[in-house]
Amino acid sequence: MESELGFLVSVLIICADITAAVLGIEAEIAQSKQPQHHHQQHSRHSGCRRNPSPGAFAEGAAAMVLIGIVHVIANVLGGCTYIRSKQDFNRATANKILAVAFLVLSWILFIASYSTLMLGTLANSGSNRFCSLPHRWLFLIGGILCVGHGLVTSAYYVSAIAANKEDKENVQQENSANRSRA
């Protein structure tokens, strides 16, 4: 039952991140379809050379929310996997080392994908304050990073669950060895 739940959570993580990626790519398409201001109109309007796309804004915001939810859920369900010292590292199982490595990669990809999606979303917010933000390819890059985040986060979840299971088995073995000595 536990392995079936782990598989289901992994598939849901990947599917949700792929959905976030599709939303990011659709936001890029919506943004590119938005007509641009011509140079003559630039002097008469607010200062932006382009029109913000409400569709790109909504899809970018939805992608940000989705990847945030996935990241929180995976980290909560995966548990807190850490290595405190060199001695812990020397005693750590392969699954625990992988879990820590995937956790770090997961956070890096989360920050990168969330940031690019946020910049693309803010550039399409309609506010003159964000008019100078770069807007080319941000949603596409954020969407691609979402796929990478999904794969790495799923790998983190699987390795964290395996490491937790190994830790529980090791504790039980140590307890039974201590009882037999006493």
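Analyst: What follows treats the aromatic rings, then the surrounding fold.

The model is predicted. There are two aromatic pairs in the structure. In one of them, the ring centres of tryptophan 107 and phenylalanine 110 are 5.9 Å apart and the planes stand at 85 degrees; planes over 60 degrees apart count as edge-to-face, so this pair is edge-to-face. Both tryptophan 107 and phenylalanine 110 belong to helix α5 (residues 94-123), where they are three residues apart, about one turn of the helix.

Phenylalanine 110 also pairs with tyrosine 114, with 5.4 Å centre to centre and 35 degrees between the planes, which is a tilted arrangement. Phenylalanine 110 and tyrosine 114 are four residues apart in α5, again about one turn of the helix. An α-helix has 3.6 residues a turn, so residues three or four places apart point the same way. Through these ring pairs, Trp107, Phe110 and Tyr114 are linked into a cluster.

Phenylalanine 110 has a relative accessible area of 14% and is buried, because buried means under 20%. Tryptophan 107 is partly exposed at 39%, and tyrosine 114 is partly exposed at 28%.

Of its 182 residues, 34% count as buried. Among contacts between residues at least 6 apart in sequence, 78% join residues at least 24 apart.

The UniProt record, in an unreviewed entry, places the feature "transmembrane region" at residues 61-85, 97-117 and 137-158. Over residues 61-85 the chain is 72% helix and 0% strand, with end C-alpha atoms 39 Å apart. Over residues 137-158 the chain is 95% helix and 0% strand, and the end C-alpha atoms are 32 Å apart.

Helix α3 (residues 54-78) has 25 residues, which at 1.5 Å a residue should span 36 Å; its end C-alpha atoms are 36 Å apart, in agreement. Its buried residues include Ala56, Gly60, Ala63, Met64 and Ile67. After α3 comes glycine 79, with a positive phi near 85 degrees.

Threonine 81 sits in the loop between α3 and α4 (86-91). Threonine 81 counts as buried, at 6% relative accessibility. Beyond its neighbours within four places in sequence, threonine 81 is in contact with Lys96, Ala99, Val100, Leu103, Tyr156 and Ala160.

Another buried residue is serine 10, at 7% relative accessibility, placed in helix α1 (residues 2-33). Leaving aside neighbours within four places in sequence, serine 10 has contacts with Ser154, Tyr157 and Val158.

Cysteine 15 is partly exposed, with a relative accessible area of 41%, whereas cysteine 146 is buried at 0% relative accessibility.

How values were computed: Residues numbered from 1 in each chain as written. Predicted model: local features only at pLDDT ≥ 70, side-chain atom pairs only at ≥ 80, totals over all residues. Heavy atoms only, no water. Buried < 20%, exposed > 50% of the residue type's maximum accessible area, 1.4 Å probe, protein only. Contact = heavy atoms within 4.5 Å. Helix = DSSP H or I, 4+ residues; strand = E, 2+ residues; numbered from the N terminus. Expected span 1.5 Å × (residues − 1). UniProt positions renumbered as here; feature names shortened; annotations may be inferred. Phe/Tyr/Trp six-rings, centres within 6.5 Å; stacked < 30°, edge-to-face > 60°.
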